[in-house]
Amino acid sequence: MSRVKEYHPSLLRGLWALTVRELKKWLNDPIMLLMLVIQPLIWMGLLGKSMNLAAMFSAGNLGNIEVPEKIPIPGNYVIPPANGVIYVSGTMVSQIIQQTVSDIGANVMRNVFGVTDYFSYMSIGMISMIVMTTTMFSGMSIVWDRRLGFLDKVLSTPVPRGAIIFSKVLNATLRAMLQATIILTLATIFGLQLSPSFTLINMFGVYAAIFLLSVGLSSVFLAFSLRSTKLERPMQFISLITMPLMFASNTLFPITLMPDWLQAVAYVNPLSYLTDALRQLTILTLDVSKLTTDFMYLGFFATVLSSIGIVLSWRYLSK
Amino acid sequence: MSKEVIVATGLTKVFNKNLVAVDHVSFSVKHGEIFGFLGPNGAGKTTTINMLITVLRPTEGTASILGYDVVKQANEVRKVIGVVPQEYTADEDLTGYENIILCADLYGIPREVSKKRAVELLELVELTSFKDKKVETYSGGMRRRLELASGLINRPRVLFLDEPTLGLDVQTRAATWNYIKRLKEEYDMTIFMTTHYLEEADTLCDRIAIIDYGKIIITGDPEELKHSLGGDIITISIKEDVDISSIIRSVENVKEVRNENGSYRIKVESGEETAPLIIEALRRNGYTVTRLSLTEPTLNEVYLEYTGRSMRDTEESKEAFRSQRMTIRRARAR
Ligand SMILES: Nc1ncnc2c1ncn2[C@@H]1O[C@H](COP(=O)(O)OP(=O)(O)OP(=O)(O)O)[C@@H](O)[C@H]1O
Ligand SMILES: [Mg+2]
């Protein structure tokens, strides 16, 4: 048997192979794909449609207010004064009231949420929420690889250690992007109103923002999962922080309506910046300066967290 | 190239600063040998392998594979070794074929080569008809064979087998060993393996090391080890009711004689050669041998002698197998 020539394991080749492995794992899983669709549907149904804040102020709710057919107006309210009373058409007044209230409602909505329908507002918040949990969980999946010995097997091959780490991060990111696309599509079908300034090019921005958050979060969770001896720890940690992170951000409600202490948290919460970036790019009239701030913060967050995460994981894998 | 393929010197692994899993282990394996690590659960076999295959960093000591240091030249080591781990590590959600190709990609083997090789290897371990089935549908034996095939994808020069037949039934074990021997010839490999099946170590290994509590107790080829016990045991009875101990003791190569109610237990260097001499000596003195039996020591006796424990721990290995299945099930329950 002739000795075979030496092969050169490359970072890209290994990264691709390991990423494809992960993609196959969930793309071949119909239940998993179904979940990707069902989860946002539930959220939209529960939060977006049932808690429809805008409806409280909308004309529809005033429809059954009883207005008499004829409204008498006492003489001293009428200029020039006349004896007796004059009559105004009740229907007309009712229409005016409805219109006015409705206008006020829309203004309130626009002032508070930036858009007139809560559904659009909330759907985008949901994208960042789901993106966040997905990334954290995907970073965690390395726990299984370690448990089942797959990681040791991979470590005994000459594949660059970086490929192992980046494949997890890349997988988390791709997953998050797919989910974002699914949610945005579903939401649009169910009535999300894209702003007139939206073009498909904006989607690159959406993906870029998601990419930044995913890279940061998944690499930190990767390191955390690699280093925690108990499998349950990362799980517990995720369930501990997701709710607080969600409520201490603009995913569901505007920051300006929050008490001061919560505002302080929301202003450092990367979720707020991701959500704002996504809203700027989809449902709001694009405010470039705000979007720039969002991206700068997300970029900063991604750089810091992924450096920490990647360094820690690297150390662990080459111990 | 030196003939020593694996050299370990004072190899030590301490977990959590106080658990000494492997304790200053030194040995060397020559080209073409099958070297076996024999020891009970928790002896430190897997930990030793993990250091040799660069997955764990030794706390102390050094080891080299084909001259490459396992710490300083880890990447060179990884290129020349193949590993068949104790657990089933294949990805359950992929097919057997996909698993092998994945392995090949990690080694950087070009696809044209790896595709051909994967087919060849799957043929060799008789998994061709299952190659496109997901691994979660495989039986234990099939998984082992798949591990074997993927461990060989880079044509390793040194193959590490960690309990390659753990949990397999007798037939499958025999078949697995046939593959391994065939592959060894074909690829001209040196093999380092661990096992706790004594028969396996005895029939397959050119040399074995008995390891317990992280220390190598003794190293040698199986025959040598058995002989080191002081050879065979001859049991003899005669018709006459006389003590013949002194006559037997005078025979060459007899080490120890014990009279156990008229039957004599004789420890000798080599049973086959000494038994006729004893019979002859007794005949010359006018005694008639009525019964004679010869037992060769097995590795079990060796094991017993050196560790003070019997190696017949089939219950334990069943336990190990069960826990392994648990791992698989847990993975599925995900
Ligand atoms: N990662 C680890 N952290 C802490 N202790 C460990 C670790 N891995 C192994 N050990 C301990 O080291 C000792 C040796 O374990 P090892 O797995 O090497 O045994 P083994 O000889 O392979 O046993 P088996 O026959 O059960 O496979 C055991 O006491 C085990 O508990
Ligand atoms: Mg072991």
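**Exercise 1.** How far is an oxygen atom of ligand 1 from a polar backbone atom of B:Gly44?

*Solution.* The distance is 2.9 Å. Then take B:Thr47: an N or O atom in its side chain is 2.5 Å from a ligand oxygen. Finally, the cover: the protein hides 64% of the 640 Å² of accessible area that ligand 1 has on its own (Shrake-Rupley method, 1.4 Å probe; for residues, only the protein chains shown count as cover).

**Before going on.** This is a predicted model, where local features need pLDDT of at least 70 and side-chain atom pairs pLDDT 80 or more, while totals for chains, interfaces and linings use all residues. Residues are numbered from 1 along each chain as its sequence is written, chains are lettered from A and ligands numbered from 1 in the order written, and side-chain values use heavy atoms, without hydrogens and water.

**Exercise 2.** Describe the shell around ligand 1.

*Solution.* Count first: 15 residues surround the ligand, each with a heavy atom within 4 Å of it. B:Lys45 and B:Gln86 are among the closest. Now sort by class: five are nonpolar, eight polar and two charged. Here Ala, Val, Leu, Ile, Met, Phe, Trp, Tyr, Cys and Pro count as nonpolar, Asp, Glu, Lys and Arg as charged, and the others, Gly among them, as polar. Last, find the elements (DSSP runs numbered from the N terminus; helices are H or I, at least four residues, and strands E, at least two). Strand E2 (19-30) and helix H1 (45-52) of chain B each supply at least two residues. H1(B) gives the most, three.

**Exercise 3.** Characterise the interface of chains A and B.

*Solution.* Start with contacts (heavy atoms within 4.5 Å): 30 residues of chain A meet 43 of chain B. Then the area: the two chains bury about 3500 Å² between them, 58% of it on carbon and sulfur atoms. Buried area is the accessible area (1.4 Å probe) that two parts lose on being put together, summed over both. Next, charges: there are six salt bridges between the chains (a side-chain nitrogen of Lys or Arg within 4 Å of a carboxyl oxygen of Asp or Glu). B:Glu147 pairs with A:Lys153 in a salt bridge, with the closest N and O atoms 3.4 Å apart.

Technical notes:
A residue is near a molecule or strand if one of its heavy atoms lies within 4 Å of it. A polar contact is a pair of N or O atoms within 3.5 Å; within protein, one must be able to donate a hydrogen and the other to accept it, and residues adjacent in sequence count only if both atoms are side-chain atoms.
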